[in-house]
Amino acid sequence: MEQTLFFGGRIITVDEPFSTAEAVLVDRGRILAVGGLADVRRKAAPGIVERDLAGRTMIPGFVDPHGHFPDSGFNALFKADLSPPPLGDCGDLAEVLDRLADKTRATPDGEWVLGALFDPDAIVEGRFPTRDELDGITARHPVWISHFTGHAGAANFAALVIRGVDESTPDPVGGALGRSLATGRLDGRLTGKPAMRELGENEFMMNRRRFMAAVERAGREYLSEGVTLAQNAWAPERTLSWFRDLASETGNGRIGVMVLPAGFLEPRLSRGELGFDFPKSDSVLFGPRKLFADGSLHVQTALLTTPYHVPLCSDEGRPREPAITADGLFAEFFPLNDAGFQVHIHANGDAAADIVLDVVARALDLSPRADHRHTIVHAQTLRRDQLDRMADLGVSASFFSAHIHYWGEFHRKVTLGPERAENISPARWAVESGVRFTIHNDTTVTPMLPLHLMWCAVKRETAAGRVLGRQQRISAQRALRAHTIDAAWQVFQERERGSIEAGKRADFAILSANPLDDDAAIRGISVLETIIGGTTAYSRSAGV
């Protein structure tokens, strides 16, 4: 590969002093030199390729701190899109049922019909379709539609039979089977991972062929938004086997993926008992192990220390029993910590975060570790005292800042109420407490739009135009760090990715404008080119 010299634009390195450079020299997929144009040019070999940025802005490629690659590709190829405004245009149950009916006509009898990204609170009727309404579409297919969070869904009768539940099935701990209050008949709703079981897994109805097709589709999507390292944040055994196959096929210029094996696979995975022989790959990497401490704010399975603003209770009028206890989480977490693994733990509610921090403190007392980088993922309702404690324990956070825009009004009115919603995804408190953090889209929950996500964290405007928590705003510089170098750091990749510095991978995004110039304009900036390992993987003019 020839050397390439980039110059003629604003190069934001995102190094420790957050410096800008005039030029970057790339050699064999690595950054050879960064700095002033004259100095960098002197280090170049004869016959270099020169790339004039023509006044555009170069930044490090975006690193996805938490998401589910390639599920957005799987949804686009194999599921009906049921997303309502502002993400889509499915505004009522009639449209939901019409789209599912269209899907049945294209699906052989007996095969599953799947719908994705449904949000009952954003459609006119404000509810899931019932089992009977789904049966009205088809009696020849099992039908399953998933809530956009992945923490609930609705099934027709055929799907409930396959799931193995009926009116005599009790609600599982941490979940609920929807029922008629009058008759006890199942209405098709399944809430919480314990209730959904296999229907709630990311790999449900995926196979190797579909996985590879989804990788191709999602890869194009991510690259078009400047992402050079994606993430799959929950990889059970079958998913790991497909990523093993992908690692064998990766080539120069392919998007990288950080894979987080499901925590329950250990220690069998590390002992080689699952039979995996992973080839060495620069593009498929294996990182932290993943655990869950609670569920979702939207379906009210996230654990809060004070009640939901407008509580949704079980059919018996009592809140659902939590799926996790401190002892239960400790039993999962301690062996992972003791074995030296980094652990990312899903925790939306502050009560769940209390449990996580108690468990981490107890585990570190018994098995001390320096620089473990254990991370609370989503972290939407962290309190200031919890962030102070996280700083003391060395625990990081990844904030789901996109919620501020897409569902800020819902959290004000339903889940958290006006006062608590002001501090959702409290990034400014994290800055003040000295907690290193990232921001994420949790794609497929929200689209992979890094610049829009940065804007969410910087401006904190809801879809209605309300500023939600002005005191929690962060600077554009901090938001860019959170999606590049800090995201790389959070998975121990800071020596390879996340900034434009000599010795690192030549992973860049070239933007139409500087995201540090105007906070309000960040979400309108376009990605013009994405470069991975020195190779152009996406060009807006030419595509992927």
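Here is a short walk through some features of this structure. The model is predicted, so local features are given only at pLDDT of at least 70 and side-chain atom pairs only at pLDDT 80 or more, while totals for chains, interfaces and linings use all residues. Residues are numbered from 1 along each chain as its sequence is written, and side-chain values use heavy atoms, without hydrogens and water.

Let us start inside. The largest nonpolar core has 101 residues; such a core is a set of buried Ala, Val, Leu, Ile, Met, Phe, Trp, Tyr and Cys residues joined through side-chain atoms within 4.5 Å. Buried means under 20% relative accessible area, exposed over 50%, and partly exposed in between (1.4 Å probe, protein chains only). Ile 376, Met 390 and Phe 399 touch the most other members. Helix 10 (residues 350–366) gives the most to this core, with eleven residues; helices here are DSSP runs of H or I with at least four residues, strands are E runs of at least two, and both are numbered from the N terminus. Apart from this core lies another, of 18 residues, among them Cys 90 and Ile 123.

Now turn to the loops. Ala 54, between strand 4 (49–52) and strand 5 (57–60), has a phi near 55°, a positive value in a residue other than glycine. Ala 54 is exposed, with a relative accessible area of 62%. Asp 371, in the loop between helix 10 and strand 18 (375–378), also is not a glycine and has a positive phi of about 55°. Asp 371 counts as partly exposed, at 46% relative accessibility.

Finally, look at two prolines. The peptide bond from Phe 69 to Pro 70 is cis, with omega near 10°, and the bond from Glu 266 to Pro 267 is cis with omega near 5°.
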